[in-house]
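Subject: A structure for you to look at

Hi there,

I am passing along a structure that I have been going through. Could you open it beside this email and have a look while you read?

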Amino acid sequence: MFGNLNNLIWLDLGHNHIVEIGFDSFKGSKRLQVFIISHNYLVDLPNDLFKGFTELRLVDFSYNRLRVLPDMFFNEDNLEILNMAHNELSRMPVLSFSTHSAGIVCDMDLSFNTITALPVFEMFSRFKVRK
């Protein structure tokens, strides 16, 4: 869909009726820095959606119906802000980040989900403390 938009850096698909994203929907938009797809009807996400997106800084999946983020979903090292508020997450998406990418995240909003327990300390240790 957005495969030929090589210079696209900001994409806002919020407030639509999107129920599904194809794994290759954005494969040609590797320069994307801001991806907003809030206020839709997403339940699942393809594992490799952001593979090779080395400039991605902000991702907003808020106000969807996501139950889980795939493990190792964020492998690149530039994500700073993740908004997952108002979804149906039952566990924290700690394993969705590679060890290095977790150290870059500055702001993660997980409010208004159905998270019932926090992971053990060792799982949180992949996230760095910002001073």
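Predicted model: local features only at pLDDT ≥ 70, side-chain atom pairs only at ≥ 80, totals over all residues.

Backbone first. Most residues other than glycine have a negative phi. Tyr 63 is not a glycine, yet its phi is positive, at about 55°. You will find Tyr 63 in the loop that runs between strand 3 (58–60) and strand 4 (81–83). Its relative accessibility is 37%, so Tyr 63 counts as partly exposed.

Met 72 also has a positive phi, about 55°, without being a glycine. The loop between strand 3 and strand 4 holds Met 72. Met 72 has a relative accessible area of 38%, which means that it is partly exposed.

Now the serine. Ser 38 sits in the loop between strand 2 (34–36) and strand 3. Is Ser 38 buried or exposed? With the cut-off for buried at under 20% relative accessible area, Ser 38 counts as buried because its relative accessibility is 7%.

Which residues does Ser 38 touch, leaving aside those up to four places away in sequence? They are Leu 13, Gly 14, His 15, Asp 60, Ser 62, Tyr 63 and Asn 64.

Note on methods. Residues numbered from 1 in each chain as written. Heavy atoms only, no water. Helix = DSSP H or I, 4+ residues; strand = E, 2+ residues; numbered from the N terminus. Buried < 20%, exposed > 50% of the residue type's maximum accessible area, 1.4 Å probe, protein only. Contact = heavy atoms within 4.5 Å.
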